[in-house]
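Q: Please take me through this model one feature at a time. Start with the term I need for the first feature.

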Amino acid sequence: MPIVAQSTETTDWVSRFADEVTEESERRAPGKPVVVASGLSPSGPIHLGNLREVMTPHLVADEIRRRGHQVRHLISWDDYDRYRKVPAGVPGVDETWAEHIGKPLTSVPAPKGSPYPNWAEHFKAAMVESLAELGVEFDGISQTEQYTSGVYREQILHAMRHRADIDAILAQYRTKKAPAKKQQQKPVDEAELEAAEGSGAAAEDDGSSGSAGYFPYKPYCGNCEKDLTTVTSYDDDSTELTYSCTSCGFSETVRLNEFNRGKLVWKVDWPMRWAYEGVIFEPSGVDHSSPGSSFQVGGQIVGIFGGKQPIGPMYAFVGISGMAKMSSSKGGVPTPADALKIMEPQLLRWLYARRRPNQSFKVAFDQEIQRLYDEWDRLEAKVADGSVLPADAAAHSRAVRTASGELPRTPRPLPYRTLASVADITAGHEDQALRILSDLDPANPLTSLDEARPRYDKAEAWINTHVPADQRTIVRDEPDTELLKSLDEQARESLRLLLDGLADNWSLDGLTHLVYGVPKVQAGFSPDATPKELPAEIKTAQRTFFALLYQLLVSRDTGPRLPTLLLAVGQERVRTLLGE
């Protein structure tokens, strides 16, 4: 069926790219599935910056699927890349892994204790699991399998025949680089995660230039398996290639039309794949916008393979807030799996869907996650009542469902900050958590924690892994008799007013009205008086009253929202701690 671009009523970036991509696909390959692509290198933990490399084409591909067209989202696992360095902080890895530098990632042992056969599979597995939870459908391509099975043999021979043409293109961009300036490292909780790293953008030589000239192909050594090799001769007719290894001194002569232990260098490999797979859309990181970058150079080299450069928006960095507090971090960078432990997949999808690719944004691991959830819940309410703006509605739709259906969701999505407070106060006691959550809405009580899951579990994980111990809430066992004795008559009256109203207001809304109303009543106003009807001093009185309650309940000046805290402590214990 011919593909016809279909505009939607929204003006969101995904729809615009879907229009452009379907039109371009029909021009290049009429009647065939649209091909979009991502590239990920499992050289270590695949972080949230790398996720943008996947989510950008995923969202476009999903929009095209929604329109009824066939589309393939390829994820090339760059597992035949060289192992460059031993990443810091990875459990089960020590300095002995340095002996594998230069080998293909699939030839490097997995970290100790891993159930996976090699380094690449170990880090790929976590990403595959996260993508499944996020609802991302894709066709995975192992570059190790592609190269070692001879799939690219003709492309390799073609590149070798046209090595002079490739060299001439690369020569336009070869310049001497100035010494890099030493930069102060950002704190990890403010760091930006460069997504381009996952698409092969890491620094790599652009070919073997020994005395025999330039070659766009690197053999892996037949003795030590490393790519520290130089091609010393090659015959186009016989495809006879000789190389030597600078690491172990090994050399051999092979026939390239039968040899499957090597790969094209990155700046040639990437455009070769564009042509081979017929890629129409593939984004790349902001570093590719500079002259001589892989994407820019690839746009010229792809013609040698008879292909065209994909539509390729540059995407901005992804920032992280609160990472420094992250007790579970490995190697200093948070991964999609880390994010999905503390947030539902809909929220994470929304973060990537609502911002244009060239806009940076942050993924929150600190208190900001509560504000993000509040914003998300307000968006859900607007969608429900029909007041949402078209572009916001589109971002919401892309977050909660794919062309295949709706993502699993929490049946009773209670406020995240409330769930976090309850998880904090109850410290893992599920029966107590259920009691408190049931009191939030006595007219429609929760009958099982499962109704609040998985959001409750995400909030509990956030409390346990990202809130420092000194900020956790510990309710007093005994009343603070010294503080109670020292109170003046006004403070004692405020406690009496609160205690007198507990029984009749024992719900989230009731207690909210009560704790805010006590200072109003003491000042001679109605508990229902609005801020506009009250003098500014009332806010000061409320803060003083709240601080007193926190001190008497948790021995601190601040804590979880007081109505939630009171419900968590329980009416009988509240009365005891407040000196009734």
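A: A helix here is a DSSP run of at least four residues in state H or I, numbered from the N terminus. The model is predicted. With that in hand, take helix H20, residues 562-569.

Q: Which residue follows H20, and what is its phi?

A: H20 is followed by Gly 570, with a positive phi near 95 degrees.

Q: How many residues of H20 are buried?

A: Buried means under 20% relative accessible area. Eight of the eight residues of H20 are buried, so the helix is largely enclosed by the rest of the structure. Leu 562, Pro 563, Thr 564, Leu 565, Leu 566, Leu 567, Ala 568 and Val 569 are the residues concerned.

Q: What do the buried residues of H20 pack against?

A: Their partners are H13, H14, helix H18 (508-522), helix H19 (537-554) and helix H21 (571-577).

Q: Which residue other than glycine has a positive phi near 70 degrees?

A: Glu 225 has this phi, near 70 degrees, and is not a glycine. Glu 225 sits in the loop between strand E7 (217-219) and strand E8 (229-234). Its relative accessibility is 33%, so Glu 225 counts as partly exposed. A second case is Ala 427, also not a glycine, with a positive phi of about 50 degrees. Ala 427 is in the loop between helix H13 (416-426) and H14. Here the relative accessibility is 55%, so Ala 427 counts as exposed.

Q: Is Asp 227 buried or exposed?

A: Asp 227 has a relative accessible area of 11%, so it is buried. Asp 227 lies in the loop between E7 and E8. Leaving aside neighbours within four places in sequence, its contacts are Arg 82, Gly 102, Lys 218, Pro 219 and Tyr 220.

Q: Where is there a cis peptide bond?

A: Look at Arg 453 and Pro 454: the bond that joins them is cis, with omega about 10 degrees. Pro 454 belongs to the loop between helix H14 (430-440) and helix H15 (455-466).

Q: Now the sheets. What is the strand order in the sheet with parallel pairing?

A: This open sheet has three strands, in the order E1-E2-E3, paired in parallel. E1 and strand E3 (139-142) stand at the edges with a single partner strand each, so one side of each has no neighbour in the sheet. Neighbouring strands are turned by 25 degrees against each other on average, direction ignored. E2 and E3 pair over four bridges.

Q: Which residues line the second largest cavity?

A: The lining consists of Glu 344, Gln 346, Leu 347, Tyr 373, Trp 376, Glu 380, Arg 409, Thr 410, Pro 413 and Arg 455. About 90 Å³ of space lies in this second largest cavity. Helix H10 (345-353) and helix H11 (368-385) each supply at least two of its lining residues, and H11 gives the most, with three. Four of the lining residues are nonpolar, two polar and four charged.

Key: Residues numbered from 1 in each chain as written. Predicted model: local features only at pLDDT ≥ 70, side-chain atom pairs only at ≥ 80, totals over all residues. Heavy atoms only, no water. Buried < 20%, exposed > 50% of the residue type's maximum accessible area, 1.4 Å probe, protein only. 1 Å grid on protein atoms, 1.4 Å probe; cavity = no way out; pocket = protein on both sides within 12 Å on 5 of 7 lines; lining within 4 Å. Points joined across faces, edges and corners; volume = space filled by probe spheres on them. Nonpolar A, V, L, I, M, F, W, Y, C, P; charged D, E, K, R; others polar. Contact = heavy atoms within 4.5 Å. Pairing = 2+ DSSP bridges. Axes fitted to C-alpha atoms, helices over the stretch in contact; angles between N-to-C directions.
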